[in-house]
Amino acid sequence: METTFTKNPSLLAWLDEKIDFLKPAKVVWIDGSEEQIEALRDEAVSTGEMFRLNQELLPDCYLHRTAVNDVARVEARTLICTTKEEDAGPTNHWMAPDECHKMLDEISKGAYEGRTMYIIPYSMGPIGSPLSKIGIEITDSIYVVLNMEIMTRVGQAVLDCLGDDDGWVRGMHCKCDVDPDKRWIVQFPEENSIVSVNSAYGGNVLLGKKCFALRIASYLGKNEGWQAEHMLILGLTKPGEETKYICAAFPSACGKTNLAMLIPPEGYLRKGYKVECVGDDISWIRKGADGRLYAINPENGFFGVAPGTNEKSNPNALAATKKGTIFTNVCHNLDNNTVWWEGLDKNPPTNAIDWKGNPWNGATADPEDKGAHPNSRFTAPAVNCPCLSPEFENPNGVPISAFVFGGRRAKLTPLVYQSKSWNNGVFVGSIMGSETTAAATGAVGVVRRDPMAMLPFCGYNMGDYWKHWIEIGETLDPEKAPKIFNVNWFRKDDEGNFLWPGFGDNLRVLDWIIDRCEGKVDAQETAIGYLPYAKDINLEGLDMTEDDLNKILDVDKAAWKEELKGVDELYAKFGDRLPEELAAELASVKAALK
């Protein structure tokens, strides 16, 4: 392939092979220039692939609709292809690489005939950062190009940084016929490559996101001595003190983005507390020269769920969508050419087009007939976020004081507790899960285990992943290692009412977590870990007493014994790949509960 963009031999050879195989009518390099991006937006509008929204109210914002059969990640069709099945592990879907390549080749051969092939060079993390990695995605979708341009750093500067290096991630996306029966999202960790066919939905086709930043990166991290985690990064600044950084992992529907962009309660704001967002979804973590762990957000934008995002639940996320944003599968308000979704406000449009492309009247529509799909999305530039951290582009990352795990549990888990050690913290992360809601399954309160919130995203055997966490801990000076905590904002009383206010008031718990990291407050030792004394969590301004708080800081030994039966079941899946350190932690907690 003749090109002025790069002389990288491995890249050019790969592209020659793909052009010969996919047979595009035209090839376009994405150089990252505003002129090129604007031309692609115009083209997408002219073909009806995207709709240009009200440029006064929502400058540079666009609406896109996916096929009705293509609206979310498909875990059952997401494969980890390793030479040995046991290296993918019991929690991943596996296929032998040779067999999978053959299947994918039959689906995608000639898939770009009559279409344009776009070549997207992108950096996960600030370009040139020692913690960043580079990928190349080829796609036949302008929608993918425009989303990747928001979510990652794209263009010629990436190729200049790559030079002749061969350590880049190969990514091929083909829309094909958007056929759900032939839809596959495949990671080949040993080959450093990703293939996605028959989807055009963000989570399956923006290959820098979960595919690279978690599945491939977690495997690279294991081999190279770092971590790729499904964690937000926030900075908390107390009045007159230096900023402390927290990484936190939550399964879906547990308020992760809300925590990442938290606005402190009024009393805290008056005192000068500040929370800043470094990232809302993914952390890449590596040990720095000073022996501490440092994290970067490898992404450059937010791929957020729209429904439920509003001025009260997350004003910072809403503000981030006001310019340069692509909305996917939301409701199109024809009266002012803007967008709407359930939970945005109480005024649904009456003259609108729903996410499927049908006329929709929010005043008369059946409540089951949603204007926006429940998994509709916004792709917004991080730079739009009012609380974006000034350290967002720091190539060396930010030093981590605490890791926080959390889930949605109505009864069992206390509001917050601290692990007794690093390995005990790995145990706490490994057993985390959330209870299903009636809307999801019909069965209420069934615990879905989601270790470290990585269940769908770990690119190799999760037993080995836990072992990697333990090995990272062995390299750390205990004085410099982040402390590990668990939180649960979702405790309920017997009537089903939440016992903790949540949202901005979660800062009260983060405040205690940082105090613990700095050794400023004591805690009480229990069978599961260290719990706060109620007097050490600031309740000022809340309609809540220390007695109320104690109700969500208890450890019900009988309930925990029952809980650990589920942990036995989880651990049994891993056989001899379960780290003996975790088996020892489980035995220790069982003994303490007696």
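This is a predicted model: local features need pLDDT of at least 70, side-chain atom pairs count only at pLDDT 80 or more; totals for chains, interfaces and linings use all residues.

Residues are numbered from 1 along each chain as its sequence is written, and side-chain values use heavy atoms, with hydrogens and water left out.

**Stop 1: a loop residue**

Select Thr 321. It lies in the loop between α11 (315-320) and β19 (326-328); helices (H or I, at least four residues) and strands (E, at least two) are DSSP runs, numbered from the N terminus. Thr 321 has a relative accessible area of 2%, so it is buried (under 20% relative accessible area, 1.4 Å probe, protein chains only). Now show its contacts (heavy atoms within 4.5 Å). Leaving out residues up to four places away in sequence, Thr 321 touches Leu 58, Cys 61, Phe 327, Phe 378 and Ala 380.

**Stop 2: the largest cavity**

Select Arg 409, Thr 413, Met 432, Gly 433 and Asn 486. Of the 14 residues lining the largest cavity, these lie nearest its centre. β29 (483-487) and α17 (557-572) are the elements that give two or more residues to this lining. The volume of the largest cavity is about 110 Å³. On a 1 Å grid over the protein atoms alone, a cavity is a set of points where a 1.4 Å probe fits but cannot get out; a pocket is an open set with protein on both sides within 12 Å along at least five of seven lines; lining residues have an atom within 4 Å of a point. Grid points are joined across faces, edges and corners, and a volume is the space filled by probe spheres set on the points.

**Stop 3: the second largest pocket**

This pocket has a volume of about 270 Å³. Select Trp 14, Glu 17, Lys 18, His 101 and Val 195, the closest to its centre of 15 lining residues. At least two lining residues come from each of α1 (9-22), α4 (97-108), β9 (169-174) and β11 (193-197).

**Stop 4: rings**

The whole structure holds 21 aromatic pairs (Phe, Tyr or Trp rings, the six-membered one for Trp, with centres within 6.5 Å; planes under 30 degrees apart are stacked, over 60 edge-to-face, the rest tilted). Select Tyr 219 and Tyr 460. They pair edge-to-face, 6.5 Å centre to centre, with 70° between the planes. Tyr 219 is in helix α8 (residues 208-224), and Tyr 460 is 241 residues apart from it, in the loop between β28 (447-449) and α14 (462-474). Both tyrosines, Tyr 219 and Tyr 460, are buried.

Notes
Buried means under 20% relative accessible area, exposed over 50%, partly exposed in between (1.4 Å probe, protein chains only).
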